[in-house]
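Could you walk me through this structure, one feature at a time? I'd like to learn how to read it.

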Amino acid sequence: LGLKQSSEDPFSGYVAENGKGSTVTGIVKEVTAKGAVVELAANVDAYLRASEISQDRIEDARTVLKEGEEIEAKITSIERKDRKISLSIKVREMELEDTVTQEYSRESSVTGATLGDKLKQQLKKQNS
């Protein structure tokens with residue numbers, strides 16, 4: 001494809017800016033028991049499997065996600081040939097916990113902050 005054709009393709013443009021491992025925000029378009037279709041941008045959808053929603057076991061994605069809900073997740077795979085993007089909220093949460101734990105370990109000896117203080121601070125950052 002030439003430059004003009006690739007710039008007109010929303011999928012190619014999106015994955016060029018948001019590669020594997022990127023944290024992205026999207027809107028839940030459709031939810032089934034097995035997972036959800038998430039709109040990341042105009043004409044760019046991704047799939048979030050029920051097993052990737054939480055570290056807890058999720059039997060039915062419909063019990064956790066609602067259509068129209070905004071979510072933040074990590075891109076875990078991109079299949080350019082099939083034009084598929086896979087997402088994981090679970091991976092994002094685990095990385096967030098690791099970051100907080102590492103920061104706590106470094107700072108607790110200096111400041112006396114508790115792990116609860118660090119988690120609260122991280123959640124405030126995430127929600128603002």
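Q: What covers the buried residues of α2?

A: This is a predicted model, where local features need pLDDT of at least 70 and side-chain atom pairs count only at pLDDT 80 or more, while totals for chains, interfaces and linings use all residues. Residues are numbered from 1 along each chain as its sequence is written, and side-chain values use heavy atoms, leaving out hydrogens and water. Helices (H or I, at least four residues) and strands (E, at least two) are DSSP runs, numbered from the N terminus. Contact means heavy atoms within 4.5 Å. Here, the cover over the buried residues of α2 includes β1, β2, β3 (44-49), β4 and β5 (84-88).

Q: Which residues of α2 are buried, and which are exposed?

A: Buried means under 20% relative accessible area, exposed means over 50%, and partly exposed lies in between (1.4 Å probe, protein chains only). In α2, Phe-11, Tyr-14 and Val-15 are the buried ones. Looking down the axis of α2, they fall within an arc of 90°, so they line one face of the helix; the arc is that of the directions from the helix axis to the C-beta atoms. Ala-16 and Glu-17 are exposed on the other side of α2.

Q: How do I read the pairing of β1 with β4 and with β2?

A: Two strands pair if DSSP finds at least two bridges between them. Strand β1 (residues 23-32) runs antiparallel to strand β4 (residues 70-79), joined by five bridges, and Gly-26 stands opposite Ile-71 in β4. β1 also pairs with strand β2 (residues 35-41), again antiparallel over five bridges. There, Val-31 stands opposite Ala-36 in β2, and the two strands form a hairpin with two residues between them.

Q: Is Lys-74 buried or exposed, and what does its side chain reach?

A: In a regular strand the side chains alternate between the two faces of the sheet. Lys-74 is found in strand β4, and with a relative accessible area of 13% it is buried. A polar contact is a pair of N or O atoms within 3.5 Å; within protein, one must be able to donate a hydrogen and the other to accept it, and residues adjacent in sequence count only if both atoms are side-chain atoms. The Lys-74 side chain reaches the backbone oxygen of Gly-21 at 3.1 Å, and makes a polar contact with the side chain of Thr-23 (3.4 Å).
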